[in-house]
Amino acid sequence: MDIEMRPVNDEDLSVLHRFAIEPGLIGPNWYGYRNVQTLNKRYAEDGFLNDNDSRVMVIADAQTAGLTSWQSGTFGRYGSYWEIGIVLLPEFRGRGIGWRAQAMVSDYLFEHTPVQRIQATTQADNVAGQKSLVKAGFQVEGVIRSAEFRAGQWRDALMYSRLRADPVVAW
């Protein structure tokens with residue numbers, strides 16, 4: 001399977017809109033309806049690529065499979081990191097695309113930015129997401145209690161990280 005990343009283009013906006021307005025499309029990660037005009041505005045401003053918060057499309061065998069994102073953060077004064085995320089359309093899940101895309105975006109960030117750490121969180125009940133992160137070279141760090149409000153209640157999350165010195169994953 002050929003997997004690649006590329007910047008968001010005009011045709012991708014319809015996929016981004018779907019993630020914002022179709023309940024259940026992204027599984028348990030859906031947080032309610034969002035204004036699609038906000039997505040259009042962001043695309044017009046910077047194409048979803050900037051120094052602090054970016055999104056790129058995941059392409060599998062020449063088809064749009066979903067998107068991956070990264071957002072900057074810091075621990076203390078010097079401990080900068082990226083937090084990555086991914087969402088795939090249902091028909092592309094369970095095919096090994098997610099872990100490869102997470103490894104790919106991590107490699108990209110280590111190659112093009114000086115960060116030491118990339119982290120990701122997933123829901124405690126998202127076993128597929130946990131397995132995907134481990135396959136992508138991430139290690140579990142622990143539970144973040146009551147980290148997110150979703151589906152009417154506060155839920156735990158699991159924190160994973162991959163460091164620059166960790167073994168490279170062949171994807």
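**Notebook: strands, helices and a few residues**

I took helices (H or I, at least four residues) and strands (E, at least two) as DSSP runs, numbered from the N terminus. The model is predicted, so I noted its limits: local features need pLDDT of at least 70, side-chain atom pairs count only at pLDDT 80 or more, and totals for chains, interfaces and linings use all residues. Residues are numbered from 1 along each chain as its sequence is written, and side-chain values use heavy atoms, with hydrogens and water left out.

**Entry 1: I3**

Is I3 buried or exposed? I found I3 buried, with a relative accessible area of 10%. Buried means under 20% relative accessible area, exposed over 50%, and partly exposed in between (1.4 Å probe, protein chains only). I then listed what I3 touches, not counting residues up to four places away in sequence: V58, I59, A60, G96, I97, R100 and M104. Contact here means heavy atoms within 4.5 Å. I also looked up A62, which is 59 residues from I3 in sequence and 8.1 Å from I3 in space, C-alpha to C-alpha.

**Entry 2: the sheet**

In what order do the strands of the open sheet stand? I read the order of its seven strands as β1-β2-β3-β4-β5-β7-β6, with mixed pairing. At the edges are β1 and β6 (139–150), each with a single partner strand, so one side of each has no neighbour in the sheet. On average, neighbouring strands of this sheet are turned by 30° against each other, direction ignored. For pairing, DSSP must find at least two bridges between two strands.

**Entry 3: strand β5**

I next followed β5 (residues 117–123). Six of its seven residues are buried, so the rest of the structure largely encloses β5. Strand β4 (residues 79–88) runs parallel to β5 and is joined to β5 by three bridges. I found Y81 opposite R117 in β5. With strand β7 (residues 153–163), β5 pairs in the antiparallel sense over seven bridges. There, A120 stands opposite Y160 in β7.

I also checked Q123, which lies in β5. Q123 is buried, with a relative accessible area of 3%. Leaving out residues up to four places away in sequence, Q123 touches P28, N29, Y31, Q130, E148, R150, D156 and A157.

**Entry 4: helices α1 and α2**

How do α1 and α2 pack? I noted an angle of about 145° between helix α1 (residues 13–21) and helix α2 (residues 36–46), with their axes 9 Å apart. Axes are lines fitted to C-alpha atoms, for helices over the stretch in contact, and angles run from 0 to 180 degrees between N-to-C directions. From α1, the residues in contact are L13, L16, H17, A20 and I21, and they meet V36, L39, N40 and Y43 in α2. I sorted the residues of this contact into seven nonpolar, two polar and no charged. (Ala, Val, Leu, Ile, Met, Phe, Trp, Tyr, Cys and Pro count as nonpolar, Asp, Glu, Lys and Arg as charged, and the others, Gly among them, as polar.)

The buried residues of α1 are L13, V15, L16, H17, F19 and A20. What covers them includes α2, β2 (53–60), β3 (63–75) and β4.

**Entry 5: helices α3 and α4**

I found helix α3 (residues 97–112) and helix α4 (residues 127–135) packed at an angle of about 45°, with their axes 8 Å apart. They are therefore oblique to each other. (Angles under 35 degrees count as roughly parallel, over 145 as roughly antiparallel, 65 to 115 as roughly perpendicular and the rest as oblique.) G98, W99 and Q102 of α3 make the contact with S132, L133 and K135 of α4. I also saw that α4 lies across β5 and β7, running at about 160° to β5.

W99 in α3 counts as buried at 12% relative accessibility. Beyond its neighbours within four places in sequence, I found W99 in contact with S132, K135, A136, V169, A170 and W171.

Most residues other than glycine have a negative phi.

- S146, in strand β6, has a phi near 45° and counts as partly exposed at 45% relative accessibility.
- A151, in the loop between β6 and β7, has a phi of about 55° and counts as exposed at 63% relative accessibility.
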